[in-house]
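The following exercises are to be worked with the sequence and the structure in view. Each task is followed by a solution in steps.

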There are 2 protein chains.
Amino acid sequence: MLPIETSTLRHLPIGQPLARIVQAALAAVAPGPLVRRALPLAEFATKPLRLLAIGKASVPMAHAALDALPDQVHTALIVTKEGEATQEWHPRTTVIAAGHPIANANSLVAGETIARSLATTAADERVLVLLSGGGSALMVLPVPGVTLSDLQQMTHLLLASGAPITAVNTVRKHLDLVKGGGLARLAYPAPIITLILSDVLGNPLDVIASGPTVPDPSTYGDTLAILERYALTERVPAAILTHLVRGTRGGWPETPKPGDAIFSHGYTTVIGDIEVAAKAALLQAQVEGFHTAILTTAMEGEAREVGRFFASIAQEMVHSGQPLPRPACLIIGGETTVTLHGTGRGGRNQEVALAMVEALAGLDRVAVLTLATDGVDGPTDAAGAVVTGTSLQRALELHCPPTDFLVRNDAMTFFDGLGDVLRIGPTSTNVNDLTFIVTW
Amino acid sequence: MLPIETSTLRHLPIGQPLARIVQAALAAVAPGPLVRRALPLAEFATKPLRLLAIGKASVPMAHAALDALPDQVHTALIVTKEGEATQEWHPRTTVIAAGHPIANANSLVAGETIARSLATTAADERVLVLLSGGGSALMVLPVPGVTLSDLQQMTHLLLASGAPITAVNTVRKHLDLVKGGGLARLAYPAPIITLILSDVLGNPLDVIASGPTVPDPSTYGDTLAILERYALTERVPAAILTHLVRGTRGGWPETPKPGDAIFSHGYTTVIGDIEVAAKAALLQAQVEGFHTAILTTAMEGEAREVGRFFASIAQEMVHSGQPLPRPACLIIGGETTVTLHGTGRGGRNQEVALAMVEALAGLDRVAVLTLATDGVDGPTDAAGAVVTGTSLQRALELHCPPTDFLVRNDAMTFFDGLGDVLRIGPTSTNVNDLTFIVTW
């Protein structure tokens, strides 16, 4: 069991029940069991299988598949994020650790290795693709004329411009031979089965990991509109603009579109997402005796604004027993964004929590826990934080006014001072973030 | 009964039930009944009474007081918003219609008339003050050296900067002789009884109508910090900066502070607020057979961010029946702010609705209604708007992409095109805003 506690949580009567609720949520999206449950399918019984696992959760996902189908898998290629475990624990397995969120040289090795491997695919084989978040950066294979460095610069520009991930990945798909259905084209005529652990709200299949095995509804025209919208047309490397313009003129083939023959075999299914995690938390909260509900699994917005909104809900729960009477556990799933103003240490979940400290001050028997399900909130070793009605007073005794820390985006320093940073280590899954507003 | 409908609502099966829920909320905060209920107090039995009613709801509030205490009131001064009924229906009554949200020449007349009237107050009199939202603009009496025009410019700048009302009123209180306890100072030694219809979240007595009869905890130092925070120090009229700096140096008296002798008699009580309205809506929603809950009565934040959050809740209600299963009516009270980027027509409630159009597209049997309880959303003749799963499609058929209108802050033009602006006329009450997320 992961250590879901902080110094404050340890002393609260709901500390242990809340820890069990969080555990239940994380256990429900543990990659291994999800893959195992999805695998006993007729098409895997006899056919030789080529395994491609791509994304931050690819190691545990591949482990589960190799355990479940030890004889069928003749080749396994696993592309994961640098820093994850990469020992090659299976004789026919290759593990590549590549860059994220910006692709690096190993991402290119991954793309080339996959393309070479798929060139020898036979029609009676199956390709099992295990996808998780981060796939867009971990595997690249640029179109001719575009270099890795071009892709890196463009991704930097797009991510810094505030463009949503859907827009970023639309551009990526049109510059890369393995994205936007490209992997399916390379594997044809072997059928592809894709199992997805989703980290994109709403599970748009063509956006997660830039949709390597599904049709791409977007066009070259869309990519130029995106560059224009974020004022990047003049700033992206020349080779990229040249390729995109060539694409709009029909000088290079479009990404495979819905209805294309290459998608007539195989299928794609989402095996885990934030909703699975939230529902597991809901069930456990019922078992623990809380009044409980999921408010949303698609929360988004600027972290500090979302925090203010959560605080107003917590106030209502304390003052009027609405929307849920005590003891209550309100569950919220989604992912906020942080517009950086300062240079402090923190992540979106800790910033949501920090934005609630003042509004919760003095409230009785209420706690809020924020959590990145991958255990890694922003560029920190923390997963989130815990706030209660005493947080403000304790912070002021330490001469730490929360607004000062919020201005600097320095949430982790703030909560470390209180002993209320939530540290659980990497969970090897990633389905966005959860917040729990709890009264007792 | 007010016409709570739009062309879309008329055709929905929950159109009528929803209209009755909104009616119930508005009826519960109708000023007349609230004042009548609060008045049969011992201290009114025999003493001569001077009546000051200030705010958007002052006409019905004063009506109720004059009906209940016809013999005691020897002078009634009513300050209301331009456009409200102003006939002088009572012999000892003066009605002044002044400017809002920016004070005008009549606001100055109101401030001067009140100051002159209170100069003749005797110690055995009682002053009955009926306060409602808008009082800050409807009655002004600038400190010496500051003109009405200075105040107007400053209020414009502060409102457009996105500063919360608490900050705006902190500055106002330090530039005005009737705000921030100033009215109590003018009335001293006569005791003041203040009945408040609150339009400020959490009912901070010193913020509503800029707290004319209660102690002011804020300081001149706070005002300078606010101007700095919103980058207005160089932009406000010179006379205003001069006065505020003079105040910080002790060159002009502070506003009356907690513990001051002028507050030793009398009392202040809130007779109606957003919570009263939300609870009435909750009861009516139960009667209509909806699963229902109040999410919060203290929602705040930037309108378009709040709209995105509401949309994610509506999606959850449709997809998973969480937090409430169909048929459901989730009630949210509070007030958002709009940071102006464009020059379109709209208000905060319509902007919240506009920010939801894309996310709601295609969703089945869901409607969201946003409403300013005073019937006046921003500088428009609308109270709010209605959004459903068909709004986007209908808008695109009219070549009206919602994002274009959002960029221009042009929500009313957008919803007028769809026939989904909610127009109910001024309601003569004001307790902030309500949003209803309804499934069926």
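**Exercise 1: a strand pair in chain B**

B:Thr292 stands opposite B:Cys329 in β8(B). The model is predicted: local features need pLDDT of at least 70, side-chain atom pairs count only at pLDDT 80 or more, and totals for chains, interfaces and linings use all residues. Residues are numbered from 1 along each chain as its sequence is written, chains are lettered from A and ligands numbered from 1 in the order in which they are written, and side-chain values use heavy atoms, with hydrogens and water left out.

Task: Determine in which sense β7(B) and β8(B) pair, and which unit they make with helix α13 of chain B.

Solution. 
Step 1. Strand β7 covers residues 291-299 of chain B and strand β8 residues 328-334; helices (H or I, at least four residues) and strands (E, at least two) are DSSP runs, numbered from the N terminus.
Step 2. The two strands pair in the parallel sense over 6 bridges, where pairing requires that DSSP finds at least two bridges between them.
Step 3. With helix α13 (residues 303-320) they make a right-handed β-α-β unit; right-handed means that, with the strands pointing away from the viewer, the path from the first strand over the helix to the second runs clockwise.
Step 4. Of the 9 residues of β7(B), 8 are buried (under 20% relative accessible area, with exposed over 50% and partly exposed in between; 1.4 Å probe, protein chains only).

**Exercise 2: the surroundings of B:Asn409**

Task: State where B:Asn409 is found and which side chain it joins in a polar contact.

Solution. 
Step 1. The loop between α17 (402-407) and α18 (411-418) of chain B holds B:Asn409.
Step 2. B:Asn409 has a relative accessible area of 3%, so it is buried.
Step 3. Its side chain and that of B:Glu351 are joined by a polar contact of 3.0 Å (a pair of N or O atoms within 3.5 Å; within protein, one must be able to donate a hydrogen and the other to accept it, and residues adjacent in sequence count only if both atoms are side-chain atoms).
Step 4. A polar atom of the side chain of B:Asn409 also lies 2.7 Å from the backbone nitrogen of B:His341.

**Exercise 3: B:Thr413 and B:Arg345**

Task: Find how many residues separate B:Thr413 and B:Arg345 in sequence, and how many Å separate them in space.

Solution. 
Step 1. B:Thr413 lies in helix α18 of chain B and, at 28% relative accessibility, counts as partly exposed.
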